[in-house]
Amino acid sequence: MTTTIEALVPEKVAQYDAHFSRHRAESGRGDYHFMPFEPDDPEGPRGLDPRMLELPLDDVGWQRWWVARPAGEDRVIGHVDLKGQHLKAALHRCELGIGIERAWRGQGLGRRLMAAAIDFARDTPSIEWVDLRVFGHNLNARALYQALGFEEIGLVRDLVRIEGESIDDVMMTLNVS
Ligand SMILES: CC(C)(COP(=O)(O)OP(=O)(O)OC[C@H]1O[C@@H](n2cnc3c(N)ncnc32)[C@H](O)[C@@H]1OP(=O)(O)O)[C@@H](O)C(=O)NCCC(=O)NCCS
């Protein structure tokens with residue numbers, strides 16, 4: 001089935017929230033953990049604040065998101081996001097996150113979502129670096145990021161311990177200036 005990618009607008013955040021609930025419930029269930037939370041942790045990630053989508057790129061806390069949908073449907077099945085730093089002095093950097101529901105992985109959607117975010121960063125003069133963090137055991141994601149030019153610049157051993165597993169964290173960056 002074909003999929004479409006579009007920028008997320010505040011009016012559609014509820015569809016994103018439903019996708020994110022399904023996605024986070026898959027972390028560590030069936031394969032590896034990809035989130036720093038147990039899937040049912042009530043202290044887990046907070047929802048997306050729609051106001052952040054409309055902040056200008058020279059304001060701390062700005063965010064831009066893109067979502068993927070099966071063609072002709074309203075439901076969201078994957079996302080990529082860029083988040084500006086929380087320091088005014090670091091607004092030339094942003095951090096990327098991505099997630100695709102399991103049934104839709106391995107079909108080229110990750111590459112397409114990454115391209116949407118990277119193209120945006122390249123077209124935005126104020127953004128010079130795109131950073132990301134990925135668990136060391138997430139070899140599929142690391143291969144994708146490397147193929148797109150991201151460099152591994154650091155490793156934090158034993159960053160989190162989830163369900164008895166000690167997990168390393170890899171820092172990666174891409175220069176888009
Ligand atoms: C990681 C993720 C975003 C990749 O997206 P995807 O749609 O599955 O990947 P694609 O089909 O676009 O594949 C792109 C590349 O990823 C890598 N990859 C993806 N699936 C792979 C697999 N099963 N085995 C090996 N490499 C794989 C390959 O390098 C592939 O390159 P290719 O197109 O030349 O074969 C997606 O699998 C996902 O959301 N996983 C769970 C959440 C997650 O890990 N998020 C990242 C947290 S930092």
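Q: How many salt bridges does the count come to?
A: Side chains of opposite charge can pair when their charged atoms come close. Here a pair counts when a side-chain nitrogen of Lys or Arg lies within 4 Å of a carboxyl oxygen of Asp or Glu. By this rule, the number of salt bridges in the predicted model is 14.

Q: Which residue forms a salt bridge with Arg69?
A: Arg69 lies in strand E2 (residues 63–70), and its partner is in strand E1 (residues 3–7), so the pair ties together parts that are 63 residues apart in sequence. The closest N and O atoms of the two residues are 2.9 Å apart. The partner of Arg69 is Glu6.

Q: Is Arg69 buried or exposed?
A: A residue counts as buried when its relative accessible area is under 20%. Glu6, which forms a salt bridge with Arg69, has a relative accessibility of 28% and counts as partly exposed. Arg69 itself has a relative accessibility of 4%, and therefore counts as buried.

Q: How many residues apart in sequence are the parts that Glu163 and Arg29 tie together?
A: Glu163 forms a salt bridge with Arg29, with the closest N and O atoms 2.8 Å apart. Glu163 lies in the loop between strand E6 (151–162) and strand E7 (165–175), whereas Arg29 lies in the loop between helix H1 (13–25) and E2, so the parts that this pair ties together are separated in sequence by 134 residues.

Q: What is the N to O distance in the salt bridge of Arg105 and Asp31?
A: Arg105 is in the loop between strand E4 (93–100) and helix H2 (109–122), while Asp31 is in the loop between H1 and E2. Arg105 is partly exposed, with a relative accessible area of 23%, and Asp31 is likewise partly exposed, at 34% relative accessibility. Both residues belong to a network of salt bridges that also links Glu26 and Arg102. The side chains of Arg105 and Asp31 meet at an N to O distance of 3.6 Å.

Q: With which side chain does the side chain of Thr173 make a polar contact?
A: Thr173 is placed in strand E7, and at 6% relative accessibility it counts as buried. Leaving aside residues up to four places away in sequence, Thr173 touches several residues, including Arg93, Trp129, Val130 and Phe150. The polar contact of its side chain, at 2.7 Å, is with the side chain of Asp131.

Notes: Residues numbered from 1 in each chain as written. Predicted model: local features only at pLDDT ≥ 70, side-chain atom pairs only at ≥ 80, totals over all residues. Heavy atoms only, no water. Helix = DSSP H or I, 4+ residues; strand = E, 2+ residues; numbered from the N terminus. Buried < 20%, exposed > 50% of the residue type's maximum accessible area, 1.4 Å probe, protein only. Polar contact = N/O pair within 3.5 Å; in protein donor to acceptor, adjacent residues only side chain to side chain. Contact = heavy atoms within 4.5 Å.
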